[in-house]
Amino acid sequence: MKRIKSKNIFVAAISGLLVFGACDVTDQSPVTLVPEEEAFADAGKVEGNILGVYDAAQRGFYLGIIQRGYPFGAASIQQGDMRSGDMYNDQLFYEVTYIGGWTPSTANQEGMWIGTYRLINRANVVLEGLQTALANGIIDQEEHDSYRAEMLFMRAFSHWQLVTDFSRPYADNPSGNLGIPYRNTAISDTERLEEAATVGRGTVEEVYTLILQDLDEAEQLGTNTGVPFRASQAAAIAFKTRVKLHQLDWAGVLEEAAKLTNFQLAASPADPFDSPDGNPESIFSLNNTAESNPGVNGALAAMYGNPAEGGRGLVKISPLIWNEPFWVEDDLRRTELTTSSPDGYYTAKYTGYINRDDPTPLIRYAEVVLNAAEAHARLGDEATALTLLNSVRDRATPEGTPSYDAGALPDGVIQGIWNEKRIEFLAEGLWWYDIHRLSGMGELPGIPPKAASRSIGSIEQYEPDADITLDHSVPYSSNLFVWAIPLQEIVNNPLLAGQQNPGY
């Protein structure tokens with residue numbers, strides 16, 4: 001393997017070295033770096049390299065170290081929640097995201113950029129290595145195809161995260177607005193680094209086209225293992241419902257959702273968190289174990305946890321969502337999935353305070369159901385939309401609570417679906433993506449006002465008549481609606497220096 005020189009035009013290509021570790025994804029041991037010529041020398045190392053990509057997604061990279069939860073550990077979940085505002089910032093740790101105060105040099109946003117492209121490059125290196133392993137008879141065609149499907153999914157998922165963080169929504173001029181560089185070749189030596197530096201941002205539409213190409217192939221080649229900690233055919237299909245929702249391809253959402261016949265909603269909304277690999281709803285999560293976790297600064301329970309129960313108390317539930325009238329009082333998502341302390345309410349979805357072993361939930365079937373509900377409503381079939389909406393809501397509401405009908409939703413069925421998403425995926429980071437999408441459609445004005453940062457210090461402030469100071473809204477017209485390309489990338493990459501987002 002040729003060493004990448006310090007010139008580092010593409011700063012996110014952290015290393016061309018490959019990784020291998022334990023062969024059981026449910027027990028991800030710390031990875032070991034190995035030279036390229038040895039990385040695919042036997043079947044165990046091939047499998048280990050696959051797991052190394054998951055490790056890069058799980059524990060990530062931040063300021064030169066791992067275990068901070070970038071790109072898809074607690075950091076990405078918290079970034080989404082801090083942007084949207086249904087979860088409330090109580091400390092300095094993520095305040096820059098909560099208040100919309102980021103700049104090109106903000107470390108959190110730089111961590112997402114570098115960590116995600118580092119993950120993408122690892123996936124690309126493995127994709128090339130799989131071809132070598134197949135040619136050398138180390139793996140057979142079926143194994144090659146299954147592994148390839150996993151890596152294509154991880155590549156597509158990663159690029160979509162970047163394009164929703166750093167670009168305008170698909171609904172707003174997709175053929176004109178800049179996307180992000182789509183990296184589909186491995187950067188493993190100086191020559192390839194120079195070649196990568198010629199890949200610009202493209203357009204949002206072009207990025208989405210490549211994402212769907214990867215997902216379609218992942219669906220075609222993938223298998224379903226029944227373990228949500230590996231990217232499966234079902235994960236590719238489910239994720240396409242999210243991607244196509246952002247494209248306003250309502251028929252496409254329904255086409256993909258109809259394929260997922262082996263999944264159903266769990267009996268209780270707590271089941272995916274009580275038993276993340278033993279319920280019918282979890283489609284894709286990143287695994288964490290006591291041996292391989294994102295560290296105290298990257299673990300979900302640490303960041304979101306009630307300090308009275310062992311968490312750090314950095315993020316709690318906002319009193320704004322807590323008092324929304326559409327969230328009924330005895331909803332199980334209040335009684336079973338929240339916990340209280342004298343200073344407020346916290347999520348109870350993540351409880352691994354000691355081992356920091358809560359999986360990171362990335363795709364659940366409940367999302368697919370609500371995506372399909374919105375697609376039906378957009379196409380004029382409100383009856384089916386209501387049925388799907390109620391299937392998610394009714395499992396959580398107390399006995400005797402009437403299901404929704406059109407008359408019970410004065411703001412419309414689609415608004416009711418958005419409200420349900422805010423409750424169902426609270427503390428999972430998903431509401432930001434809908435704010436991004438709906439602002440681009442002109443149906444939301446941007447990031448809404450939030451409870452002022454570090455102003456909620458008492459559970460009494462969650463009373464319905466409490467006086468809550470509001471702040472930190474970001475109109476869609478503001479340059480702050482999307483993040484800046486990080487300064488480190490701009491300094492080292494002349495092409496991207498000329499493609500910075502406006503206003504930075």
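Predicted model: local features only at pLDDT ≥ 70, side-chain atom pairs only at ≥ 80, totals over all residues.
**Stop 1: the core.** Start by selecting Phe153 and Phe284. In the largest nonpolar core, which has 132 residues, these two touch the most other members. Helix 6, residues 141-166, supplies the largest share of this core, with twelve residues.

Now stay on Phe284 and show its surroundings. Beyond its neighbours within four places in sequence, Phe284 is in contact with Tyr54, Phe153 and Met154, with Pro228, Phe229, Arg230, Ala231 and Ala235, and with Thr360, Pro361, Leu362 and Ile363.

**Stop 2: helix 6 against helix 8.** How do their axes cross? Turn the view and you can follow helix 6 as it passes helix 8 in a left-handed crossing.

To see the contact itself, show side chains. On helix 6, pick residues including Leu152, Phe153, His159 and Trp160; on helix 8, those they meet include Tyr208, Ile211, Leu215 and Leu221. The residues of this contact divide into twelve nonpolar, three polar and five charged.

**Stop 3: helix 10.** Next, select residues 250-257, which form helix 10. Which of its residues are buried? Trp250, Gly252, Val253, Leu254, Glu256 and Ala257 are, that is, six of the eight, and the helix is mostly covered.

Finally, bring back what lies over those buried residues: the cover includes helix 8 from the previous stop, along with helix 9 (233-246), helix 15 (365-378) and helix 18 (431-440).

Notes
Residues numbered from 1 in each chain as written. Heavy atoms only, no water. Core = buried A, V, L, I, M, F, W, Y, C linked by side-chain atoms within 4.5 Å. Buried < 20%, exposed > 50% of the residue type's maximum accessible area, 1.4 Å probe, protein only. Helix = DSSP H or I, 4+ residues; strand = E, 2+ residues; numbered from the N terminus. Contact = heavy atoms within 4.5 Å. Left-handed = near helix turned anticlockwise from the far one by under 90°. Nonpolar A, V, L, I, M, F, W, Y, C, P; charged D, E, K, R; others polar.
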